[in-house]
Amino acid sequence: NRELAIGVYSAGVVLYALSSFLFKETLFYYPAAWLAAVPYYLAITLTSLETRWYGLAWLPLILLYLGLGRFVFHKRPLAPLGKGFLADWLTHPSVPFYLLAYGLSGSMISLSYVSPLSLTLAFGIASLLYFASAYIFNNPAWIYPALFTMHMTVLAYFTINPSGGPVRYITIPFLVMTWITSLAGYFFERATLRTDENRTYRFSFLNRLFAHAWARPFFAFAIIEMLIWQSLALTGYDTGIIVASGNALLLALFSLLWTEGAFVYGAVAFSLLAVGVSLRQAGVAFDDSVAIYGGIGFGLYLLGRILDRVSVRVKSLTVWLTPLTHASVTLTALAALINIPAIAKDMTATAATFAFAGALYVAIAYRGRMYRLGYLGMALLELAWVLALIINDVEQPQWYAIPGGLYFIGLGYLEWRSNKSRY
């Protein structure tokens, strides 16, 4: 009998509320607050409200309990985590209301699973509730459940009217979510203490990401999102390219905002991933792909030289120079090592790989006065030239070797005249 149950439970609420008031005993607040949820729910079931909205019907009671707990019974602060905090919390008059309010927020979501629309609204309201809790209690720990429910809101939204396409396409809207989450973290990082004032980690980019309590949840979620959604996006060529390119642009943006070279490595890595997916989609052979990566490595070095000129006006671009040089050297070296075994079956790709690596090392040796590296660069260029002669079935290579030798002698003479005799 629902009407009888409503009366009996309401009487129990009055009994325990009076007991708490008369005996000044905080523990009576627990049954008084928690039993009130029973007649409230029974009253909902007596209305014409559809079953799928039962979960959202908890919202007025949740807001009432949060308001009572925060603005009526929260007259002394809660003890911090540590020795004796549990006893303090159990006897605090606001805790019964908080426990039931947040417990009902979970019930609100679970009861809404019967309908995609009600589930989306439940997750969205829970997200707003947790964000508001972070502000009301001045505690950034509430941002973690808030971000989780916010992402679940987006995920539930796409179940309302599913397109029927592959699951991997969900990664594109979540790429937008990654950008929003990262930029929100940047806002909190800028609004709180600067990194140089609060050094918690050894590396400066870790301080940027995790030294600020309010920004930390956003960046933690952004990093996890990058890994999860990029993995799912790689199940298709189109989504793999889009998501990898989006992540690369995001990291490039933060490298400029924070003047941090560590993010340049991430931007280069995601860019190379996008190129790799593009080559796989185009059906390029493995050896040719390695040669293309070698050319990209040489191109990264040339890009660094261009940015070196531009950085005179845009100072934040200076952090790109060293990472681009390191990435170019590593990439060309790996490409050359990988393609050495393919010298017999695909000589053209191997020659191109050696040529890109040799040109890069000669350029670095010349600019940095690293003379020993110049020998390796020249050797790779000569080897690439020999392979090119073999590929073209040149029967009298001396007619190519003699002009090449005279050309290098001329360069050496000019360098000697320019007081660069060692090089």
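Which helices do the buried residues of α13 pack against? The views below take up this point and others in a predicted model.

**View 1. Overall form of the predicted model.** The protein has 18 helices and 0 strands. Its C-alpha trace spans about 110 × 50 × 35 Å along the principal axes. The radius of gyration is 33 Å, whereas a compact globule of 423 residues would have one near 22 Å. Of the 423 residues, 40% are buried. The accessible surface comes to about 23400 Å². Carbon and sulfur atoms account for 70% of that surface. Among contacts between residues at least 6 apart in sequence, 64% join residues at least 24 apart.

**View 2. Helix α13 and its packing partners.** The buried residues of α13 pack against α10 (204-210), α11 (216-233), α12, α14 (286-310) and α15 (321-339). Nine names make up the buried set: Phe263, Val264, Ala267, Val268, Phe270, Leu272, Ala274, Val277 and Leu279. Gly283 follows α13. The phi of Gly283 is positive, near 75°.

View 3. Thr259 sits between α12 (237-258) and α13 (262-282). Its phi is near 55°, a positive value in a residue other than glycine.

View 4. Asp393 lies in the loop between α17 (371-391) and α18. Asp393 is not a glycine, yet its phi is positive, at about 55°. Its relative accessible area is 61%, so Asp393 is exposed.

**View 5. A nonpolar patch on the surface.** Tyr407, Phe408, Leu411, Tyr413, Leu414 and Trp416 form this patch. Together they have about 660 Å² of accessible area. Tyr407 belongs to helix α18 (residues 398-417). Tyr407 counts as exposed because its relative accessibility is 52%, and the cut-off for exposed is over 50%.

Key:
Residues numbered from 1 in each chain as written. Predicted model: local features only at pLDDT ≥ 70, side-chain atom pairs only at ≥ 80, totals over all residues. Heavy atoms only, no water. Patch = residues over 30% accessible without salt bridge, like charges linked within 9 Å, V, L, I, M, F, W, Y side chains within 5 Å. Areas by Shrake-Rupley, 256 points an atom, 1.4 Å probe, with all protein chains shown as cover. Salt bridge = Lys/Arg side-chain N within 4 Å of Asp/Glu carboxyl O. Helix = DSSP H or I, 4+ residues; strand = E, 2+ residues; numbered from the N terminus. Buried < 20%, exposed > 50% of the residue type's maximum accessible area, 1.4 Å probe, protein only. Contact = heavy atoms within 4.5 Å. Rg over C-alpha atoms; globule rule 2.2 N^0.38 Å.
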